[in-house]
Amino acid sequence: MSTITSGLQGLALAALATAASGAGMQGTTYGFGTTPSATELARFFSPHPDGRGLPPGSGSVLEGKSVYQQQCASCHGENLQGGIGDRLIGGRGSLVNADPKKPPVKTVESYWPYATTLFDYIKRSMPLTVPDSLTDDQVYAVSAYILEQAKIIPEDAIMNAESLPKVAMPNRDGFLPDRRPDRFPPAARAPHQDLAIAPAAK
Ligand code: HEC
């Protein structure tokens, strides 16, 4: 190892040590910021495809319809056909086709592999002008409505932390985990990758 590299590593280690000893007192060390509380950190969860991290609560298709009409339709269209915001449904089977003149139609219905992403995305970023304003029940409900309009779940379905991860998205098999063992050794694979979304490599 050259002196320069080991010197740099020494610096990096020193920086780490400083950060570690400063944990809990950023305010005094740097003069700004505070240490986030456990409650604050919990707000930045990101649910996994298998449902880990989804909050309590639930919502029906009917409740979701009313959330959608009041808070989403102005941008995504009365029939989820898009407008200022993306088209949310349709296009199933259009991503891979032999006709070069047929453009792929990328929507929640045709593209997204996991229903839990819908909850995460809507909770964090929608409605565009007031993100993070919906309750968890409203997010479950409006996710249910979009999935029902996409004919993925039935009209009487209730979405919650148990049912949402079980929704089989039409394009789930369109995504393949990276199977290069040198890049992603089995030990480094996230637990959700055990949810087989593609046949195991021979
Ligand atoms: C003010 C306009 C506006 C409103 C209101 C709005 N959206 Fe959006 N939405 C957008 C835009 C613009 C995008 C694209 C954002 C991007 O690509 O960065 C988007 C993207 C999305 C996507 C991702 C689509 C995709 O395929 O990538 C979803 C899902 C979504 N919105 C759901 C909702 C829901 C549910 C509501 C109501 C609770 C809502 N939106 C309200 C403008 C809006």
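Reader: Which helices each supply at least two residues of the shell around the ligand?

Author: Residues are numbered from 1 along each chain as its sequence is written. Helices (H or I, at least four residues) and strands (E, at least two) are DSSP runs, numbered from the N terminus. At least two residues of the shell come from each of α4 (61–71), α5 (73–76) and α7 (116–125).

Reader: Which residues around the ligand are the closest?

Author: A residue is near a molecule or strand if its C-beta atom, placed from the backbone, lies within 6 Å of it. The ligand is surrounded by 21 residues, and the closest are Cys-72, Cys-75, Gly-85, Met-126 and Pro-127.

Reader: How do the residues of this shell divide into nonpolar, polar and charged?

Author: Ala, Val, Leu, Ile, Met, Phe, Trp, Tyr, Cys and Pro count as nonpolar, Asp, Glu, Lys and Arg as charged, and the others, Gly among them, as polar. On that basis, the shell around the ligand holds 14 nonpolar, 6 polar and 1 charged.

Reader: In what order do the elements of the protein run from the N terminus on?

Author: The protein has 8 helices and 2 strands. Starting at the N terminus, their order is α-α-α-β-α-α-α-α-α-β.

Reader: At what angle do α4 and α8 pack?

Author: Two packed helices are described by the angle between their axes and the distance between the axes. Axes are lines fitted to C-alpha atoms, for helices over the stretch in contact, and angles run from 0 to 180 degrees between N-to-C directions. The axes of α4 and helix α8 (residues 136–149) lie 7 Å apart, and the angle is about 95°.

Reader: What does that make α4 in relation to α8?

Author: Angles under 35 degrees count as roughly parallel, over 145 as roughly antiparallel, 65 to 115 as roughly perpendicular and the rest as oblique. Relative to α8, helix α4 is therefore roughly perpendicular.

Reader: Which residues of α4 and of α8 make the contact?

Author: Two residues are in contact if their C-beta atoms, placed from the backbone, lie within 7 Å. Helix α4 contributes Val-61, Glu-63, Gly-64, Lys-65, Val-67 and Tyr-68, and helix α8 contributes Gln-138, Ala-141, Val-142, Ser-143, Ala-144, Tyr-145 and Glu-148.

Reader: Is Gly-64 buried or exposed?

Author: A residue is buried if 20 or more other C-beta atoms lie within 10 Å of its own, exposed if 12 or fewer, and partly exposed in between, with C-beta atoms placed from the backbone. Gly-64 is found in helix α4. Leaving aside neighbours within four places in sequence, Gly-64 is in contact with residues including Gly-59 and Ala-141. Because Gly-64 has 26 C-beta neighbours inside 10 Å, it counts as buried.

Reader: Where does Pro-127 lie?

Author: Most residues other than glycine have a negative phi, and most peptide bonds are trans. The bond from Met-126 to Pro-127 is cis, with omega near -5°. Pro-127 belongs to the loop between α7 and α8.

Reader: Is Asp-132 buried or exposed?

Author: Asp-132 is found in the loop between α7 and α8. Its phi is near 65°, a positive value in a residue other than glycine. Because 11 other C-beta atoms lie within 10 Å, Asp-132 is exposed.

Reader: Is Leu-80 buried or exposed?

Author: Leu-80 has a phi near 65°, again a positive value in a residue other than glycine. Its place is in the loop between α5 and α6 (108–111). Because 23 other C-beta atoms lie within 10 Å, Leu-80 is buried.

Reader: Which residues does Asn-160 touch, not counting those up to four places away in sequence?

Author: Asn-160 lies in strand β2 (residues 158–160). With 18 C-beta neighbours inside 10 Å, Asn-160 counts as partly exposed. Beyond the four places set aside, Asn-160 touches Gly-57, Ser-58 and Tyr-140.

Reader: Over residues 195–202, how many contacts beyond near neighbours in sequence does the stretch have in the model?

Author: The mean pLDDT of the protein is 82, and 77% of its residues reach 70 or more. Over residues 1–25 the pLDDT is below 50, and that stretch has 4 contacts beyond near neighbours in sequence. Where pLDDT is low, the predicted coordinates should not be read in detail. Over residues 195–202 the pLDDT is also below 50, and the number of such contacts is 11.

Notes:
Predicted model: local features only at pLDDT ≥ 70, side-chain atom pairs only at ≥ 80, totals over all residues. pLDDT = per-residue confidence, 0-100.
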